[in-house]
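My notes follow in the order I made them.

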Amino acid sequence: MPNVKWTEEQQNAITKKGSNILVAAAAGSGKTAVLVERIIRKIIDDKIDIDRILVVTFTNAAASEMRERILDAIYKKIEENPEDENLQRQVILLNKASISTIDSFCLDIIKNNFYEIDISANSRIADETEMLLLKQDVIEDIFEEKYIENNKDFLTLIDTYTRYNRDEELRDLILKIHKYMQSNPFPEDWLNKKIELLNTENKEEYKNFSNTPWGQIIIEKIEKTLENAILKLENMRIKMKRFPELDKYITIYQSDIVKYKNLKEKLNNWDELEEILLNLDFKPSWSADKKITNELKDEAYLLREKVKNDIKDIKELVCVNSEEANSNIMEMYHILNKLKELVIEFSKRFQEKKREKNIMDFNDMEHIALKILVSKNENGEIVPTEVAKRYSEKFEEIAIDEYQDSNLVQETILTSISRGNNVFMVGDVKQSIYKFRQARP
Ligand SMILES: Nc1ncnc2c1ncn2[C@@H]1O[C@H](COP(=O)(O)OP(=O)(O)OP(=O)(O)O)[C@@H](O)[C@H]1O
Ligand SMILES: [Mg+2]
């Protein structure tokens with residue numbers, strides 16, 4: 001767009017060099033336009049060949065449009081400088097430029113490097129329905145085997161997760177976890193790590209349940225409830241103070257306030273908190289004095305009842321002591337470990353089936369590409385492979401449109417082929433439509 005007058009911020013985003021750049025701006029504010037202009041400037045001013053820039057778009061349509069827009073811009077420049085050989089060369093290079101969706105880019109990586117991993121060159125992409133049927137076949141086989149061998153762990157899971165002997169719920173759970181974990185670069189590691197969080201054994205600080213992540217969540221909620229309760233009671237107490245005939249109710253209010261303030265003091269000591277809540281009463285009780293006709297009396301009564309209910313809810317949240325709470329979590333930990341084994345078994349067998357049939361889906365493509373591009377070293381750190389290094393030498397710049405919709409796998413793929421200072425991303429958190437696919441806006 002040679003005739004556009006760019007804003008100062010846009011200008012900045014178009015020309016800044018030497019670091020990764022993330023442009024976050026609202027819908028229609030010109031993010032894609034800036035990305036395109038930046039690429040054109042790279043070609044024209046920095047003499048970078050178009051096939052040395054990786055442009056990742058969100059849809060195939062967006063990729064074609066991007067190609068169009070770049071071509072238009074190059075032609076306009078050629079009109080101005082008909083003799084410019086560099087520009088003419090770009091038109092040809094554009095044909096093999098990497099302007100595509102992340103999925104097509106992954107497919108490219110696989111096609112060009114399939115010999116690096118154990119994948120057949122004639123693999124094809126299967127549609128969702130075919131994959132779903134295959135998944136169901138695999139899970140069917142596993143369940144049947146487990147039933148026949150009366151597998152104890154399996155039966156524990158059936159017991160825990162299903163009702164009325166309908167095992168669909170467990171099947172769905174396995175499929176759901178399996179799907180969810182795919183958005184992670186290393187799904188099994190991720191699953192292990194998440195489940196290990198529930199291993200409370202030998203965690204000295206967990207002996208006070210307030211210090212556990214779950215305790216923290218509960219405590220935070222209780223704190224809010226208590227603060228709210230105290231505030232409301234205080235306000236009402238101040239209102240009542242104007243009427244001496246309400247003195248006895250003020251006393252009740254004061255007593256409540258002291259109690260709740262005391263509770264608030266104990267939030268960081270789970271067992272004391274539990275003890276106090278266990279013995280908490282709502283005395284003194286309210287006396288319905290007919291002689292007092294002040295309307296505020298009824299209002300105060302109703303407010304106190306409401307607050308009492310909120311406090312009763314708290315009591316339900318803190319109904320076991322630290323030891324019991326931790327042992328419940330440990331019990332869950334053991335069950336989740338069994339569930340994990342089952343998910344991993346499913347994952348392995350599903351993978352085998354796909355290999356037998358030479359099929360993959362988009363998700364597999366990302367994971368296969370990832371496998372080609374990164375490995376874990378002995379310290380468990382993610383390191384780029386030789387193939388990734390070749391890509392990173394090739395691409396002077398990596399430009400990503402609609403960045404808000406990328407997940408951790410895609411992010412890891414693109415990071416592995418970047419030089420650490422040459423990624424240009426544009427996006428808008430508000431437009432994220434792929435949270436359900438574990439995009440991380
Ligand atoms: N500085 C500018 N002056 C005039 N028009 C502009 C300017 N910047 C962008 N535009 C125009 O605004 C329109 C929207 O731009 P663009 O598609 O790049 O926005 P976007 O931020 O990518 O939108 P989305 O959030 O929908 O992806 C385009 O027609 C573009 O040419
Ligand atoms: Mg855009």
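**Entry 1: ligand 1.** I started with the side chain of K31, where an N or O atom is 2.7 Å from an oxygen atom of ligand 1. Then I asked how much of ligand 1 the protein buries. Taken alone, ligand 1 exposes 640 Å², and the protein buries 63% of that. I noted that this is a predicted model.

I went on to the backbone. A polar backbone atom of G30 is 3.0 Å from an oxygen atom of ligand 1. For S29, I found a backbone N or O atom 3.2 Å from an oxygen atom of ligand 1.

**Entry 2: the shell.** Which residues come nearest to ligand 1? Of the 15 around it, they are Q10, K31, T32, A33 and Q431. Helix α2, residues 31–44, gives the largest share of the shell, with three residues. I sorted the shell by class and got six nonpolar, six polar and three charged residues.

**Entry 3: helix α6.** I checked the length of helix α6, residues 128–148. Its 21 residues should span 30 Å at 1.5 Å a residue, and its end C-alpha atoms are 30 Å apart, so the two values agree.

Next I looked up which residues of α6 are buried. They are M131, L134, K135, V138, I139, I142, F143 and K146. Seen down the axis of α6, the buried residues fall within an arc of 165°, so they line one face of the helix. On the other side of α6, I found T129, L133 and I148 exposed.

Note on methods. Residues are numbered from 1 along each chain as its sequence is written. Chains are lettered from A and ligands numbered from 1 in the order in which they are written. This is a predicted model: local features need pLDDT of at least 70, side-chain atom pairs count only at pLDDT 80 or more; totals for chains, interfaces and linings use all residues. Side-chain values use heavy atoms; hydrogens and water are left out. A residue is near a molecule or strand if one of its heavy atoms lies within 4 Å of it. A polar contact is a pair of N or O atoms within 3.5 Å; within protein, one must be able to donate a hydrogen and the other to accept it, and residues adjacent in sequence count only if both atoms are side-chain atoms. Accessible areas come from the Shrake-Rupley method with a 1.4 Å probe; for residues, only the protein chains shown count as cover. Helices (H or I, at least four residues) and strands (E, at least two) are DSSP runs, numbered from the N terminus. Ala, Val, Leu, Ile, Met, Phe, Trp, Tyr, Cys and Pro count as nonpolar, Asp, Glu, Lys and Arg as charged, and the others, Gly among them, as polar. The expected span of a helix is 1.5 Å times one less than its number of residues. Buried means under 20% relative accessible area, exposed over 50%, partly exposed in between (1.4 Å probe, protein chains only). The arc is that of the directions from the helix axis to the C-beta atoms.
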